[in-house]
Amino acid sequence: MFSVPRIQAVAVALAWAVRAAVAAGFPEPYDSEKAGAHPMPPAEALAGFKMPPGFQATVFAAEPMVRQPISMTFDGRGRLWVAENYTYAEAKVNYATNLNDRIVVLGDADGDGVADSRKVFWDEGKVLTSVEVGRGGVFALCPPTLLFLADHDGDDKPDGPPEVLLDGFTTTTGNRHTFANGLKWGPDGWLWGRIGISSGAKVGRPGDPDSARVELRGGIWRYHPGRRVFEAVCHGTTNPWGLDWNAEGEPFFINTVIGHFWHAIPGAHFQRMHGDDVMPHAYGFIGQHADHHHFDTGAGWTKSRADAGGVAAPTSDALGGGHAHAGLMIYQGGNWPAEYRGRAFTLNLHGHRINRERIERDGSGYVARHLPDLLSVPDPWFRGLDLVAGPDGGVFVSDWSDTGECHDHDGVHRNSGRIYKVTHGKPAPVRLPDLAKLPPAGLATLAFGPDDWLARHARQELAGREPDEGTRWALAATLRDEYRRRTNPADALRALWALNALGTLTPDWLVARTGDDDEHARSWAVRLLAEHFRVSDRGEGGATDLDAATTTKVVERFARLAERDRSALVRLYVASSLQRLPFAARLAIGRRLVARAEDVADHNLPLLEWVGLEPVVAADPDAALELMASSVHPVLRRHIARRLAEEIDARPGPVDRLLRWATERGATEQGDVAAGLSDAMRGRRRAAAPRAWDRFAALAGQSPSADTRDRVRGLGAVFGDGRALGELRALAMDPKADAVARRTALRALVEARADQLGALLRGLVDDGALRTAALVALLETNDPDAVALASSRITWLGIEERPALLAAMASRPAAASALLDAVAAGRLPRADVSAFHARQIAGLGDPRLARRLSEVWGSVRVDQGQQKVLVDRWRARLAPAKLAGASALRGLVVFRKTCAACHQLFGEGGTVGPDLTGSGRANLDYLLENIVTPSAVVPADYRATVVTLADGRTLTGLLRDANARAVTLVTQGERVTLERREIARLDTLDQSLMPDGLLDGLAESEARDLVVYLMQPRQVHAE
């Protein structure tokens, strides 16, 4: 273990370095954390570590030697490089740009697990999130830029100012913790990184136009320093904050909330927490690669967070501690016992522990299965961010050491930070060779050796060398011999990667490797051959450095693998390569992939194949029909049908041919086609019926699947089929039918603007199941009786029904006027009209209404000068003494009336806005900031969009699924799809969908009740 006096002595001895840095101009970091709050002393925290027998830990470094360690990496000399981030700040500040971030280098010359040297390499960073060493210098990720600090002489000082390699990694003022992070060398020789979904990016070299940039809205990316090429690897998830490769070179990353473990399949589009994917026609998304979550999904992810004392949520403790993960290491060192080798380890933020996973092959990819946790930490301030294995097999764990986790609403404690080292017993001493002085032959030998740590660093050193051609190809011959001789597939792969680092992999040699016995060797040959084609998200792609004959050979080989290879992993990488290839090659390979029946239920392949084939479908309908005929995958058939049907106005012929094809097939294929057409027609009122529609509808309408029959009826309404409209009308009017089916039928009739629709709707305004839908539809269709019917019934609708009708009334001048009259007359409580409704009415642009709103309800405008005044005023009104008499139970009623249409709390409410359950609700300042002035800090995904329609309505909501034909708007009341031709104007505001001044619409007693309810740690119930 460690000696407390020794740690203190090191800290004192090195404190001068911190003071020297300040004297040299480094701004001294300050704490904005609430006064009196401190983490456990390092020794006390360490004493409480719980680990399996035989494991031990040391405090490798702690404050002031290291602070705010956000990222770590090793150089080839075994020294630990640490990125210290001081500019990350609390929500009100976002980034403290008056401070600097820095990179420090820590050494442990005697190998006792305690750092004994410290150097500052660079201290001029801003928003520094990651550091990596190699290629003659240091890479620093400082969003919006990726920097390179050359250090060719190896003196641990930059040779000059940083070079900006890339820019466009935007940061946000909302969920700012989702910024780009995580530099790490891959076995492919590329520098990999990560980015979250709230920090959209368009990345390129400085000066590149948008057309030359790569768009990211979350996911994994990579950059090749030699070629100066940037690529997106995969898209989606929430906030990736850990990445590593297994012994076979398969990449995996860790994530928060929607699933924690993911196989970073190149070209994949993964499930997202929110927001739109960069690919408009992706249609479906691949889910996580684990058979479990680390929290109780029934209770919700936000309930998995630890309490203020650091105690894990009871429902999630046994499952792994919570939804938030950072750092990923797949252990390949030699110190820990064999049962830990190849396992994945991640830091669980709210669980204050290290989770352990077993990674198993599953279909075309992998699945992670939960094993007992490795380590738990008693310090409630423990915020593990990174973990990396060192040269002796010991694992280094960084601790950000703060209470605010990723959101930090209560301030930042910058003057703390720790790095622990976890070993099994005492590691054997390691004498590292000086890689910088080894000749290329010596590096090549280490690069395919059994020591994974040495092999990784030797490979990076080799990649940075430029030996003469004779030496390079002599080494290549040696490495090819080693590849053939190695019986251990992992050793052979390391020889392959070393050949790649040397730049001596020839296409012919790789083509030959696609016939090797090992599936990993074949898959690596495929992905390295695919690198000869440049991926493109704006056109056909297929730009290549290969000659025509070699290109033909590669495409033919890929097609053969697609048709015959027995490994789903190899087929996965063939499918991944589609996005790089010319359309003709995609079609030749794709029709063989989609015919593989064993892949129908695969977790990855159908959707991965679709994103590679979608551009072909869009460009060549005949090719699309060829793929449809070849496919045994329902997902592919449905998506092809949808993509063709989205072009029905401009190109009706392909849809007609699609329907003719489907009529010759069975009920399964007909159901897939109906589903695709139905998805494409969502939001359409009328479309010309394809010539083959009647025959198809007659057959598919008799399907044994109720879903198919419903879809055919709905499509019939769009295509003007009188029989279908009659069936829909009968279903909507049948009080004995299922309520959901009735509402679906009614919606189809409304969207089709069916004949005698007004009479039908008026007849349903007192129907318990359909009354709200009928009243909203009457307003939507400008029925002359709509306003009178709505205003007469709004007062007696249930609390769950009223918000949808209120939102509909607020969107039209006449109905909004009637709504304000009801409030003025006392028939409708003023508090039922929320700030959202008030802003909607104010946005109608009617001066008379605006005056009436001000008289009846109040002002909806809050300028910046008023914001602080309002917050201070409400802070006084909501002081602890005044909250003492408030009722959380009454507050629940106010929440349901005011907030639940958009926000969930404790699993109850809507999903338009963020879930409030896990937010900083216990902090009054947090609540006031987000309720009184929500537009002060607003992520891009929650900006309000105002749609002005040609018929005079205005709708306010979140813009989703926009394309050339239609847009989908998520409003407080519903999800609405509108055709572009209905829209007169569309404006996305620099404002939150949640309006300012929400509390001003409530009585002061209601505001107190609401705030008390929002501050509760769990749901309240009547006793």
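Modeller: Start at Gly683, which takes a positive phi of about 95° and sits just after helix H17. Helices here are DSSP runs of H or I, at least four residues long, and they are numbered from the N terminus. The model is predicted, so local features need pLDDT of at least 70 and side-chain atom pairs count only at pLDDT 80 or more, while totals for chains, interfaces and linings use all residues. Residues are numbered from 1 along each chain as its sequence is written, and side-chain values use heavy atoms, with hydrogens and water left out.

H17 covers residues 667–681 and has 15 residues. The expected span of a helix is 1.5 Å times one less than its number of residues. For H17 that gives 21 Å, and its end C-alpha atoms are 21 Å apart, which agrees.

H17 is mostly covered, with eleven of its 15 residues buried. Buried means under 20% relative accessible area, exposed means over 50%, and partly exposed lies in between, using a 1.4 Å probe and protein chains only. Among the buried residues of H17 are Gln670, Asp672, Val673, Leu677 and Met681. The buried residues of H17 pack against five helices: H14 (621–630), H15 (634–645), H16 (652–663), H18 (693–700) and H19 (706–718). Contact here means heavy atoms within 4.5 Å.

H6 runs over residues 469–485 and reaches 24 Å from its first C-alpha to its last, close to the 24 Å expected for 17 residues. In H6 the buried residues are Arg472, Leu475, Ala476, Leu479, Glu482 and Tyr483. Seen down the axis of H6, these residues fall within an arc of 125°, so they line one face of the helix. The arc is that of the directions from the helix axis to the C-beta atoms. An α-helix has 3.6 residues a turn, so residues three or four places apart point the same way. The face of H6 turned away from the buried side carries Gly470, Arg484 and Arg485, which are exposed. On its buried side, H6 packs against helices H4 (440–447), H7 (489–502), H8 (507–513) and H9 (519–530).

Methods
Helix = DSSP H or I, 4+ residues; strand = E, 2+ residues; numbered from the N terminus.
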